[in-house]
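Hi,

Here is the structure I promised to pass on.

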Amino acid sequence: MFKRPTVFLRLVFIALAAAAVMLHSAHDGDTLAVLSVHDGDSLRLRRADGQGMVVRLYGVDCPELGQPYGEAARDLTRRLVGRRVTVLPSGGKSWRREVAVVLLHDGRSLQSALVEAGMAWVDDRFCRRAECDGWRKAQARARAARRGLWADADPVPPWQWRRANKRPDR
């Protein structure tokens, strides 16, 4: 097919390089160390250069600490303290926190893990990315299995709880 093998090898190299760039851009985020967790959906992280960063999880909302399951959601997220995660910023800010998707070492998102465990709601007011559909399906499975907050007869979403308790909606 090719008269000179070097032309073929160059094409293969270009194709592999292009694939590597696409894979890298698919996870175009920074890997950071988890320093602490405020609640289930807010984490304090440290970049490789030592700079700190506070992240609010994109698309999901965990129960507040004063709500049922608030401490359980925080405890689940606290398991990440001392570990490294990949942060994919969504481009938004919430109360001076970077809004982002947080990927775990196994490639799953923290959002997915929390929703699957019944420790977070998918917040349809803000969740617009493609992965939100998967989180909604996970939420339906958690609800059907009565996992976590879905064990309660009528769990109150945190945005309603904050409004009823005069806390600003974040």
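How many salt bridges does the structure hold? There are 13, counting a side-chain nitrogen of Lys or Arg within 4 Å of a carboxyl oxygen of Asp or Glu.

Before the details: this is a predicted model, where local features need pLDDT of at least 70 and side-chain atom pairs count only at pLDDT 80 or more, while totals for chains, interfaces and linings use all residues. Residues are numbered from 1 along each chain as its sequence is written, and side-chain values use heavy atoms, leaving out hydrogens and water.

D75 forms a salt bridge with R74 (closest N and O atoms 4.0 Å apart) and another with R78, at 3.9 Å. R78 and D75 both sit in helix 2 (residues 70–78), three residues apart, about one turn of the helix; helices are DSSP runs of H or I, at least four residues, and strands are E runs of at least two, numbered from the N terminus. R74 is buried at 15% relative accessibility, whereas D75 is partly exposed at 38%. Buried means under 20% relative accessible area, exposed over 50%, and partly exposed in between (1.4 Å probe, protein chains only).

Elsewhere, R108 and E116 form a salt bridge at 2.9 Å, and D41, R56, D61, E64 and R162 are linked in a salt-bridge network.

Then there is S42, in strand 2 (residues 42–46). S42 is buried, at 4% relative accessibility.

Cheers
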